[in-house]
Amino acid sequence: MLRHLLALLLLGALVALGGCATAGANPDDPLEGYNRAMFRFNDGVDKALIKPVATGYKKVVPEFARTGVTNFFSNLGDIWIGINNVLQGKPGKGASDFGRFAINSTVGILGLFDVASNAGLDKHNEDFGQTLGRWGVGSGAYVVLPILGPSTVRDGFSRFVVDWHGDPLWYVNNIPTRNELVGVRVVDGRANLLDAGRLAEEAALDPYTYMRSAYLQRRRNLIYDGNPPREPDSSADPQSGAPR
Amino acid sequence: MIRLLAAVCLCLLASAVGAQDVAPDALIKRISDEVISIIKSDKDIKAGDRAKINALVEAKVLPHFNFEHMTRLAMGRNWPKASAAQQKLLVDEFRTLLVYTYSGALSAYKNEVIEFKPLHAAAGDTDVTVRTQVKRSGAEPVSIDYGMEKTAGGWKVYDVVVGGVSLVTNYRDTFNSAIRDSGVDGLIKSLASKNRSLEPQAGAKSK
């Protein structure tokens, strides 16, 4: 219930923001002013809380155990990934995801070991935002969500309204247990991104535009399962085309 | 003596010609294998000696990149707005930044296995994409693709695309907004100060 309310509020805020957005420099990012403020806020929360906890977790918990935790949550995610593959008209890939879940939950001892990957059933990356994208729904404006980070109107909507229904953790009835599981998943996920985060920090002249561009490119790539059609690019190599 | 010298010259010539004949995917594989075996065996690099990793990247990886082309692509429609002197500075600074970035990526390497996908290219192609994949546990494989072009000096990389995120496109976004805010000189300045902040301190070991 609370989540629905939050989602509605968020959507309302997005629409309101969209209404008063100025013609920004980047057509994908009309909300840049709000987004930059939220990006700074998220960065503050990350630096003060999430990153230190994740760093400590990585130091204290040995690698094989962390891999087990990552695999456990990854395994639970495979069902929803499979459903989205089916929704996108890819029953073969969906079957592979359900097969992964069956194998890893049993032979892989409750998902602690990703034996399916070694058996040739590769992990996929799907969610409802990608399904909508596959169905032809445009991404809408780029939006930085509180805590959750980079997203778009389409992806944010999917995450708040649809994806969490496919998340097994929300069906754990014991609330304290559920919260603990969600907490561990967040910390483990952040710990897996520590190296990537350091790299992005080093590489980026402006972390905000770097993340934005990376997110939008990545999502486009995911929607087309790694083979996006070539984009008509107005700012491509000036020497290889007709003069503009 | 002269004979020996001539033989050495011939050998060098042969290996230079050889480098030009190497297929683009074979080239990437050779460089990857070479670099990974050095990373795995060098104690200083394992301990996080960034200066040494930088040197490795300079020696083994960079000669196979076309930085002029990369900079031109990252600048996009702003490239002709820069003077020849500015263009040279841009290429130099961008090159330095990419060395640091690449070194950072290598220092995070942990025994991942790189798989090479079959190259789809016709015999006369001068622009190809070499596709590779890195497998991880509990996560989908990450693709790393190299945009490569044929030059007089052999095949050269002009873009690296990780999980669908193109390095060149990513920087184009940033370059565009930097140039809009503070002009080409402003971009050069911010590249230079970024590079200074990444310079490995003498003796310091970053993690």
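Modeller: Here are some questions and answers on the sheet of chain B and its helices. This is a predicted model, where local features need pLDDT of at least 70, side-chain atom pairs count only at pLDDT 80 or more, and totals for chains, interfaces and linings use all residues. Residues are numbered from 1 along each chain as its sequence is written, chains are lettered from A and ligands numbered from 1 in the order in which they are written, and side-chain values use heavy atoms, with hydrogens and water left out.

Biologist: In what order do the five strands of the open sheet in chain B stand?
Modeller: Strands here are DSSP runs of E, at least two residues, and helices are runs of H or I, at least four, numbered from the N terminus. Two strands pair if DSSP finds at least two bridges between them. The pairing in this open sheet is antiparallel, and the order is S1-S2-S3-S4-S5.

Biologist: Which residue in S4(B) is the bridge partner of B:Glu149?
Modeller: S3 (residues 139-151) of chain B holds B:Glu149, which has B:Asp127 opposite. Eight antiparallel bridges join S3(B) to S4 (residues 154-162) of chain B. In S4(B), the partner is B:Lys156.

Biologist: At about what angle does helix H2 of chain B run to S1(B)?
Modeller: Angles run from 0 to 180 degrees between N-to-C directions, with axes fitted to C-alpha atoms, for helices over the stretch in contact. H2 (residues 24-41) lies across S1, S2, S3 and S4 of chain B, and its angle to S1(B) is about 165°.

Note on methods: Contact = heavy atoms within 4.5 Å.
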